[in-house]
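Please look over the structure below before reading the briefing. The points that follow are grouped by topic.

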Amino acid sequence: MHATTVGEPLVRARGLTKTYGDFTAVRGIDVEVRPGEAFGFLGPNGAGKSSAMRMIGAVSPVSAGELRILGLDPASDGPAIRARLGVCPQEDSLDMEITVRENLTVYGRYFGLSRVECRERADELLDFVQLTDKAGDSVEDLSGGMKRRLTIARSLINRPELLLLDEPTTGLDPQARHLVWERLFRLKQQGVTLVLTTHYMDEAEQLCDRLVVMDNGVIVAEGSPLELIAAHSTREVTELRFGVGEHEAVASKVSDLAQRVEILPDRLLLYTDEGEAAAIAVHDRGLRPVAVLVRRSTLEDVFLRLTGRTLVD
Amino acid sequence: MELVVRQLDYWVTTYRRTWKGSVVSSFVMPLLFLSAMGIGLGGYVDDSSGPRVLAGVSYLAFIAPGLLATTAMQTAVLESSFAVFGKFKWNKVYSSMTATPLRVVDVLNGNLLYVGFRLATTCAVFLLVLAAFGVAGSVVGALGALLSAVLVGLACTTPVFGYSAWIKTDSSFAVLFRLGLIPMFLFSGAFFPVEQMPDTVEWLAYLTPVWHGVELCRDFTLGTASWWPGVGHVAYLLVWVVVGWLWARKTFERRLVGASS
């Protein structure tokens with residue numbers, strides 16, 4: 001028996017706020033996570049994503065506002081909530097002194113699982129994250145991607161209804177990232193509700209059904225990746241690269257070719273629905289960029305539009 | 001309590017990796033100390049003014065309980081300093097534990113129980129070595145000394161847990177070791193009666209938990225234990241345990257949960 005009924009949000013936050021002394025990390029955000037969806041917090045480092053996650057993980061107390069997780073109040077039902085959550089922290093918190101498999105069996109015991117259950121689930125999960133042949137190895141010998149997969153396996157030991165992932169692929173090489181994404185996608189298909197934070201727009205696009213864009217502790221936009229792009233950017237973007245320092249001067253000569261022009265230190269971005277046409281028009285004006293790239297708009301463009309800054313700096 | 005028991009497998013699993021080394025060193029350390037100081041140095045002490053100052057007790061029998069109490073202190077500090085700090089800062093084991101149904105106080109108590117176990121086993125082995133040297137006292141005396149050693153160990157454990165959760169960098173341990181551990185080892189009456197020292201040092205020694213532990217252990221192994229000052233020593237050590245625990249709970253909470261503002 002669970003306290004939640006079908007369709008009721010697994011996470012419901014109203015005016016959720018977190019302060020540390022004089023510093024306010026999260027400034028009154030409203031969030032709802034529905035069963036079965038993959039929900040993302042997208043934003044740069046320091047946007048308040050991890051602070052929000054620690055409150056949702058029923059570890060860090062709420063400073064102000066209202067928060068319900070699985071229908072329960074984290075202030076009074078912390079252990080009961082945490083029993084039904086899976087948490088994959090930003091920094092791996094694996095125990096280096098014990099083996100890969102023991103990291104799972106020992107962890108399952110914290111949830112009150114029997115030793116037999118712990119062993120069965122550990123073997124299942126090692127298989128799921130493709131680490132079966134590393135079961136008896138020391139954690140220290142694992143690569144970064146393997147450690148992250150083991151951390152994900154550990155967070156699944158109690159068959160959580162809600163899986164929290166804080167920056168799940170930060171610091172991993174591209175191949176390892178794709179392997180993690182693929183496993184998370186499988187979990188999503190199995191019906192596990194995912195809440196993740198990321199500062200990678202490609203990760204948010206790959207995994208999230210719905211996301212909020214956070215900046216400076218507030219939510220600046222909310223929707224599905226496609227909705228956000230449609231609402232805050234154009235269909236295409238033409239990137240022009242000129243010599244260092246020339247971008248400001250060139251911008252004034254091409255501003256009428258696009259709905260919006262962004263000047264970055266290393267390139268110009270022309271926001272337009274017809275990227276190729278804009279590139280040709282630039283050429284017709286006798287301008288000769290070092291490089292031209294026409295691409296579709298991404299969440300990176302949405303973020304740039306909303307905050308005037310890039311996500312990864 | 002059930003939440004504390006859930007951590008048993010973790011501590012058993014980690015202890016299995018180190019128990020052989022720790023058992024061997026629990027035997028070797030007292031052997032070395034008792035041979036060098038008790039027999040080697042003790043030979044001179046017993047031939048000079050030792051019997052007068054120590055009221056007829058041999059130097060070996062005098063320092064044996066002192067070494068037991070200071071070993072408890074060293075074991076306590078060993079298990080509560082880098083071992084605790086690392087679980088906050090290096091491998092984040094505590095954070096992974098508090099993401100589960102375990103509460104901060106369960107994690108703290110689970111770790112303290114493990115240190116209690118380490119103290120009990122280390123001191124029991126130590127007493128076996130003392131028995132081999134013939135200075136462990138009667139069976140009841142040895143059991144009393146064991147309990148006293150565990151108590152003084154815990155009196156050192158809980159404050160150091162608090163300290164390890166409070167400091168920001170591991171270099172702060174140097175202060176604790178130089179100003180706390182080493183002076184207590186040398187000046188808490190393990191190797192000579194503190195009355196030999198100037199009054200200020202003598203009174204500082206009375207304030208340390210280790211002096212009370214040394215006195216308790218010595219009264220038990222020499223068979224001179226009495227209700228007073230025995231109860232006083234126990235009460236004073238319990239104050240250290242409790243105050244240290246309260247502080248540790250506070251610093252653990254702050255470190256793992258953050259300021260509650």
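**Briefing on the predicted model**

Strands β1(A) and β4 (residues 64-69) of chain A pair in the antiparallel sense over 5 bridges. Helices (H or I, at least four residues) and strands (E, at least two) are DSSP runs numbered from the N terminus, and two strands pair if DSSP finds at least two bridges between them. This is a predicted model, in which local features need pLDDT of at least 70 and side-chain atom pairs count only at pLDDT 80 or more, while totals for chains, interfaces and linings use all residues. Residues are numbered from 1 along each chain as its sequence is written, and chains are lettered from A and ligands numbered from 1 in the order in which they are written.

**Confidence**

- The model scores ipTM 0.92 and pTM 0.92.
- Chain B has a mean pLDDT of 94, with 99% of its residues at 70 or more; pLDDT is the predictor's confidence in each residue, from 0 to 100.
- Within chain B, confidence is lowest in helix α3 (residues 50-53), at a mean of 86, and highest in helix α8 (residues 139-166), at 98.

**Chain A overall**

- Chain A holds 11 helices and 13 strands.
- The C-alpha trace of chain A spans about 75 × 45 × 35 Å along its principal axes.
- Of the 313 residues in chain A, 46% are buried. A residue is buried if 20 or more other C-beta atoms lie within 10 Å of its own, exposed if 12 or fewer, and partly exposed in between, with C-beta atoms placed from the backbone.
- Among contacts in chain A with a separation of 6 or more, 68% join residues 24 or more positions apart. Two residues are in contact if their C-beta atoms, placed from the backbone, lie within 7 Å.

**The sheet of β2, β1 and β4 in chain A**

- Three strands form an open sheet in the order β2-β1-β4 (chain A), with antiparallel pairing.
- Because β2 and β4 of chain A stand at the edges, each with a single partner strand, one side of each is left without a neighbour in the sheet.
- Neighbouring strands of this sheet are turned by 25 degrees against each other on average, direction ignored. Axes are lines fitted to C-alpha atoms, for helices over the stretch in contact, and angles run from 0 to 180 degrees between N-to-C directions.
- β1(A) and β2 (residues 23-33) of chain A pair over 8 bridges.
- Arg12(A) has the bridge partner Glu32(A) in β2(A) and the bridge partner Arg68(A) in β4(A).
- Ala13(A) stands opposite Val31(A) in β2(A).
- The hairpin of β1(A) and β2(A) has 2 residues between the strands, and Gly21(A) takes a positive phi near 60 degrees there.
- Helix α1 (residues 49-56) of chain A lies across β1, β2 and β4 of chain A, at about 120 degrees to β1(A).

**The six-stranded sheet in chain A**

- An open sheet of 6 strands has the order β5-β6-β7-β3-β8-β9 (chain A), and its pairing is mixed.
- Its edge strands are β5 (85-88) and β9 (218-223) of chain A, each pairing on one side only.
- Strands β6 (residues 162-166) and β7 (residues 193-198) of chain A pair in the parallel sense over 5 bridges, and Leu165(A) has the bridge partner Leu196(A) in β7(A).
- Helix α8 (residues 225-232) of chain A packs on the sheet, touching β8 (210-215) and β9 of chain A, and its direction makes about 105 degrees with that of β9(A).

**Nonpolar cores**

- A nonpolar core is a set of buried Ala, Val, Leu, Ile, Met, Phe, Trp, Tyr and Cys residues joined through C-beta atoms within 7 Å.
- The largest nonpolar core has 139 residues, and those touching the most other members are Leu164(A), Leu68(B), Ala69(B), Ala72(B), Ala149(B) and Val152(B).
- α8(B) gives the most to this core, with 14 residues.
- A second, separate core of 11 residues includes Val237(A), Leu240(A), Val261(A) and Val282(A).

**Contact between the chains**

- The contact takes 25 residues from chain A and 24 residues from chain B.
- On the side of chain A that touches chain B, α3(A) provides the largest share, 4 residues.
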